[in-house]
Amino acid sequence: MEKIEPQEHLEGNVEEGKTATSVEDTNEEEFDHQRSKLLNRRLDFRILPLCCWLYLLNFLDRGNIGNAKVLNQETGDDMLHKTGMTANGYALTVTLFSVAYTVFEVPSNWVMKHHVRPSVWLATLMGCWGVLTLGFAGVKNYATVLALRLLIGVFEAGFFPGIVYLITIWYRHNERAVRIALVIAFCNLAGAFGGAIGYGIGQVNGAAGLEGFRWLFIVEGIITILSVVPTLLILPDYPARAKFLSPDEKSFAEDRLKERGGGYNREHATRKEILQTFFSPRMLAHYCAYIANVVTQGSFTFFAPTIVTGLGYSSIQAQLLTVPPWVVGFVVAIFLSYSADHFNARGWHITIISVVGGLGWLTAGLLPSTSYVQRYGCLCMAAAGAFPAAPSMTNWVTCNTPSLLTIPFAIALHNSCAGLGQIIAQWIWKTNEAREGYPTGNFVCAACNFFVAIVALSLRLWYARMNRKGERDARGEKRVWSY
């Protein structure tokens, strides 16, 4: 893999003799917004479609085990029956996958910041998990499933934080959330496509002597492997290396990121900056809130077909009926993230949408288990509170890191908390509660959404207080903390 060369240009510094606030005020007055919009259009065309497609594949390969778990179970051709896996074994498998996510996200972003170009690193990760996904088509026993799933977690771990870091390299602080939302929203489409693909492949169970779940892994693994080449050829790394930009455009692309951080910077953070990024109370509040939010996300990712099956539908029908909740999440995520960035009101948006999601889960848990239509409606309502909050939560962290030099580590640490949330999600949807409508899963998810709402509201008030007091960051520089 090609090692990146250091660059002289450092982001986030201020001219000697000026305060950060005065520089920001001057920059805002002199900044060429029209030119920035034109540049963003070119970047959006170059970066976003590919990133969205790649994350869709990432999420398909992450969640396909949930489809394989119930696909064709009526005929005994699902993955559990064919590999001798129990329900607890399935939960343990996905738990180890989540542990790999938690452990390897921060090291992955460290490698991408200091040693390997984004396009090369992301393509490498994708090629590795694509091959492993294809290998799932040949699994014969539980031990093989466990080993392959753990390795897929290792290589998938750094992909999403890598994409978010790439977005911070190219976009200003108030332009990121809607781009992150577009990428994350494609996980909602992945959930929808995963259900639709599962439904279609369930119809060809037994073709060429292979069960439906094996065809599922073959199709999705091949698509992922084929996407490695366009990633290497199309995805831009840094403004300084962008062949599609003129020298003047490269300079502008770098200079416009000075305000509130961003861009590419190989300078090492101090021990104080790293410790505050990892352990300061407000950052821990961000991380804990994300753990809770991912409990609801993980419930959809790994158990949506199971939940819908619990509403009284067959395994193949369940694949198709998982689609509408994901579509709801996709639409809400786009509008919410745009509004949150536009009004600089991420805290309020996260609070409101989390309350909506919490009410969906709570109502689903309180309704009789036989109220299938009403509980399905609640599932769609819960979807509006699961994924749409994530883009604004992620961008909020990038805007308010204790140091601009620790943005990639804050992104990775924040997203590594997803692994902990996914671990919790594995154990709350109990098989023996299917007849009761999974009350434990519904009530835990409701509590998590309400917890996110409380933390988001508290952080919103906290940052308002920090701005009133003019609190500096870990480098001693003045900052305007985002709401």
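Among contacts in the chain between residues at least 6 apart in sequence, what percentage join residues at least 24 apart? The share is 82%, where contact means heavy atoms within 4.5 Å. This is a predicted model, in which local features need pLDDT of at least 70 and side-chain atom pairs count only at pLDDT 80 or more, while totals for chains, interfaces and linings use all residues. Residues are numbered from 1 along each chain as its sequence is written, and side-chain values use heavy atoms, with hydrogens and water left out.

**Whole chain**
- The chain contains 20 helices and zero strands, taken as DSSP runs (helices H or I, at least four residues; strands E, at least two) numbered from the N terminus.
- Of its 483 residues, 60% count as buried, that is, under 20% relative accessible area with a 1.4 Å probe, protein chains only.

**Leu56**
- Leu56 lies in helix 2 (residues 33-70) and is buried, at a relative accessible area of 5%.
- Beyond its neighbours within four places in sequence, Leu56 is in contact with Phe186, Leu189, Ala190 and Phe193.
- A distance of 9.7 Å separates the C-alpha atoms of Leu56 and Gly194, which are 138 residues apart along the chain.

**Helices 5 and 20**
- Helix 5 (residues 118-135) is largely enclosed by the rest of the structure, because 13 of its 18 residues are buried.
- Helix 20 (residues 439-469) has 31 residues, and just after helix 20, Gly470 takes a positive phi of about 70 degrees.

Technical notes: The expected span of a helix is 1.5 Å times one less than its number of residues. Buried means under 20% relative accessible area, exposed over 50%, partly exposed in between (1.4 Å probe, protein chains only).
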